[in-house]
Protein chains: 2
Amino acid sequence: MKSCVVLFSGGIDSTTALYWALAGYAKVFALTFDYGQRHSVEVRMARRLTRKLGLPHAVLKVDLTQVGGSALTDAAIPVPKHRDLGELKAGIPLTYVPFRNGILLALAAAWAEARGVTDLVCGFNIVDSPNYPDTRREFVRAMEKAINSGTKAAFGAPPIRVRAPFIELEKSEIIRKGLALGADYSYSVSCYSGGEAPCGACSSCLLRKKAWREAGLEDPLITRLRKEGNP
Amino acid sequence: MKSCVVLFSGGIDSTTALYWALAGYAKVFALTFDYGQRHSVEVRMARRLTRKLGLPHAVLKVDLTQVGGSALTDAAIPVPKHRDLGELKAGIPLTYVPFRNGILLALAAAWAEARGVTDLVCGFNIVDSPNYPDTRREFVRAMEKAINSGTKAAFGAPPIRVRAPFIELEKSEIIRKGLALGADYSYSVSCYSGGEAPCGACSSCLLRKKAWREAGLEDPLITRLRKEGNP
């Protein structure tokens, strides 16, 4: 009876990670972070999906506006808008949240340890890795090692695993994998700007649009919003 | 003009770390975590010292009662009381807070990164390492590596250093070092039970008592409390 914790932000990647985990684990806990993100609508949308799936879901609060230094956690730094993907550059964007995934993985590891769960599942992928250092394979491995040297695992308890099954995948490949697993993306929010409807101009919206185009399908979020009479 | 962030809980070890940092850095930021600890009096006492020293001091909130699993963060788990140090065993005690120092170092790294500070200073020592995996040299090294692979440092920014100058020292040696640096321990609180006056029976009180006995001095906290008419 193996169990796992999925770091579930409510976006495309972690929604797919949730379905991937449901296919391979007897018990799946969804864990979402309400970290003071501008787009906290994702927390509400994440809850909708787990309610629909009948999954246990914890939302942990950790206020990263205390840290600041990012367009996602400091209201004074606007989210950059772009005309197209050609405007996105390699390197660290303003939407990088300092060591966010280190903080969230550390909290997830603690939450899992306190409940006797050993596996953590994340939706990290190749699309984010040129811009966000805390999504890369090297980071995942280093963080796993830090967790195992700073928890009961260091004293003989079963090791904690940080699994990132999509770390070599493009977003369109993740979508295909998710659809094959029956994933419902109609409530998954990616936009950084804070609304349920995509702004269409932040880097996250542009990457999501590209992924659905490459998958040859309409984004189910757009389909739902249109049906509901939204733009 | 080198600067650093000291993880300053207000106990003996991190108070010494603060004075150690003041002797070696041009600019020292104290960082304290209000994490839902039973002994949150330490936060108030920590503030007293930095006010006296005129140091910049940030207190970050991160509610680890959401994680639980420890006598320090779950009111339903009592702090174990002991007659003497002989009762303390190797292995993980109920006062271990799941991956606490992983979480706090991750937050400190983020806070430092957002402010362009590269050095983090901690008071980890040899007294805690048999019981708390997240105070050992191996953990510090692994965490430093995780931080450097998940922050701007991974993309070419100056590396972040996690310094633990007392990691091979006994508490009495730390005290001697601190006193040589002029450290004021009269407001430093170690007791897990939650009061300003030591309960005298938790593991932290027993270890502190032993350290002052070994140093051949009266604990300045006790001296102050007696002068103020406390027990």
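This is a predicted model: local features need pLDDT of at least 70, side-chain atom pairs count only at pLDDT 80 or more; totals for chains, interfaces and linings use all residues.
A residue counts as buried if 20 or more other C-beta atoms lie within 10 Å of its own, as exposed if 12 or fewer do, and as partly exposed in between, with C-beta atoms placed from the backbone. Residues are numbered from 1 along each chain as its sequence is written, while chains are lettered from A and ligands numbered from 1 in the order in which they are written.

**Around strand β1 of chain B**

- Helices (H or I, at least four residues) and strands (E, at least two) are DSSP runs, numbered from the N terminus.
- Strands pair if DSSP finds at least two bridges between them, and β1(B) pairs with strand β2 (residues 27–34) of chain B in the parallel sense over five bridges.
- Within this pairing, B:Leu7 stands opposite B:Leu31.
- Between β1(B) and β2(B) the chain passes through helix α1 (residues 12–24) of chain B, and this β-α-β crossover is right-handed (with the strands pointing away from the viewer, the path from the first strand over the helix to the second runs clockwise).
- β1(B) also runs parallel to strand β4 (residues 119–121) of chain B, joined by three bridges; here B:Cys4 has B:Asp119 as its bridge partner.

**Helix α5 of chain A**

- In helix α5 (residues 171–180) of chain A, the buried residues are A:Lys171, A:Ile174, A:Ile175 and A:Gly178.
- These residues lie on the same side of α5(A), because they cover an arc of only 100 degrees around the axis (the arc of the directions from the helix axis to the C-beta atoms).
- They pack against α1 (12–24) and α6 (203–215) of chain A.
- After α5(A) comes A:Gly182, with a positive phi near 85 degrees.

**Where the two chains meet**

- Residues are in contact if their C-beta atoms, placed from the backbone, lie within 7 Å; 37 residues of chain B are in contact with 37 residues of chain A.
- On the side of chain B that touches chain A, α3(B) gives the largest share, 10 residues.
- A rotation of 180 degrees with 0.0 Å of shift along its axis superposes chain B on chain A (RMSD 0.0 Å), by least squares on the C-alpha atoms of residues with pLDDT of at least 70 in both.
- That is the relation of a two-fold axis.
- The same surface serves both copies, as 100% of the contact residues of chain B recur in chain A.

Terms used: Two residues are in contact if their C-beta atoms, placed from the backbone, lie within 7 Å.
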